[in-house]
Amino acid sequence: MKYIDEFNDPGLARRLLDEIRATVTRPWALMEVCGGQTHSIIRHGIDQLLPQEVELIHGPGCPVCVTPLDVIDQALEIASRPDVIFCSFGDMLRVPGSDRDLFRVKGEGGDVRVVYSPLDALDLARRNPDRQVVFFAIGFETTAPANAMAVHQARRLGLENFSLLVSHVRVPPAIEAIMTAPSCRVQGFLAAGHVCSVMGTAEYPDLAEKHRVPLVVTGFEPLDILEGIRRAVHQLERGEHRVENAYPRAVQEQGNPAALRMIEEVFEVADRNWRGIGPIPASGWRLSDAFRAYDAEHRFGVTGIRTEEPAACRAGEVLQGLIKPTECEAFGTACTPRNPLGATMVSSEGACAAYYLYRRMTDGPAPQGSRIPQEEMNPVG
């Protein structure tokens, strides 16, 4: 498959690994921002194949994982109402709220439906004028254009029974929060390629200069990630701190102008609370005044819900890169994908789910002399 098979080549992977080994002279800690990158790293054992001087820290780039507990409880409250069709992507159904999840609400009779696009939810609103249809609009900048388009279309069509429960977050303020935290060990970033395909790279040079860290826009296949690491290590060894685009087949400096115009029309920047991390200024979006009538949080009066995380869950420390999933006492025992304590264990992009799925039950090194085998480098399915 074009642009997939070419980036799963074991021979090229070995060459990139050899170049990284030849370049590195001291320890460096890099953070991959995106949960999709984390899953690729763990699936292919990339972190175990790197020289011991290069450490990968898993970042907060899982949109499901950082959706605050109080927003999950808002979703559960709305979805339980008999006049509501509550629509969501599938990976939100098992994310635990205070005492249940959307799957439980569905089992108790709530009309909870899995959709593949917010426009599917819009179509449900058109076909069910006597019901309130709510779409759970979570995600980073990547999903914002489609969610904005759905609201834009709802207003154009005069669909007053459609609304969004919004929990959008933005990557650059999260990087700022990570770099200013007293416990920060990050010396360079692998920036999320899909986010930059929408937003471009204009917000990153100031961050790189302010914190003197390289920011390398990176894709998701094994060779993408190894190339991002190679470029970041080269910069660090030379004392450089620049933004580099290692994902040019998908990312342009200016981003996607049409998507940016849609986001700017429908959303406005707002402070946002991140699950397990806390509030980060200007780190999210909410519907602008012109589209506030489509805000489910206000339409259903669920603005006052406040909750606390379970004490046994250390997902917040995982999301901040302070610990690996295997360092949590509940990992794989009290917390599993079937009975998750936190979203990082159930989300398809969560670090805990990646470690559990690929049987990384410890965080030790790969056996000496190991390399990425051919079968591991080929995409499944």
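Here is a walk through the structure, from model confidence to cores, cysteines and one histidine.

This is a predicted model, so local features need pLDDT of at least 70 and side-chain atom pairs count only at pLDDT 80 or more, while totals for chains, interfaces and linings use all residues. Residues are numbered from 1 along each chain as its sequence is written, and side-chain values use heavy atoms, with hydrogens and water left out.

Let's start with confidence. pLDDT is the predictor's confidence in each residue, from 0 to 100. Its mean over the chain is 90, and 92% of the residues reach 70 or more. The stretch to treat separately is residues 365-381, where pLDDT stays under 50. The model has 28 contacts (heavy atoms within 4.5 Å) beyond four places in sequence for that stretch.

Now for the inside. A nonpolar core here is a set of buried Ala, Val, Leu, Ile, Met, Phe, Trp, Tyr and Cys residues joined through side-chain atoms within 4.5 Å. Buried means under 20% relative accessible area, exposed over 50%, and partly exposed in between, using a 1.4 Å probe and protein chains only. The largest nonpolar core has 87 residues, and Phe86, Phe136, Phe162 and Phe189 have the most contacts inside it. Take Phe189: setting aside neighbours within four places in sequence, it touches Met31, Val33, Ile175, Ile178, Met179, Val213, Pro214, Leu215 and Val216. Apart from that core lies another, of 35 residues, including Trp28, Leu49, Leu56 and Cys352.

On to the cysteines. A disulfide is a covalent bond between the sulfur atoms of two cysteines; the cut-off used here is a pair of cysteine sulfur atoms within 2.5 Å. Searching the whole structure turns up one disulfide. Cys62 and Cys65 form it, with their sulfur atoms 2.3 Å apart. The link is right-handed, with 70° about the S-S bond. Cys62 counts as buried because its relative accessibility is 2%, and Cys65 is buried too, with a relative accessible area of 2%. Cys34 is in no disulfide, and the nearest cysteine sulfur, that of Cys62, is 8.7 Å away. At 10% relative accessibility, Cys34 also counts as buried. Cys335 is in no disulfide either; its nearest cysteine sulfur belongs to Cys313, 6.1 Å away. Cys335 has 9% relative accessibility, so it counts as buried.

Last stop: His39. This residue sits in helix H2, residues 35-44, where helices (H or I, at least four residues) and strands (E, at least two) are DSSP runs numbered from the N terminus. His39 counts as buried because its relative accessibility is 12%. Beyond four places in sequence, His39 is in contact with Ser347, Ser348, Glu349, Gly350, Ala353, Ala354 and Tyr358.
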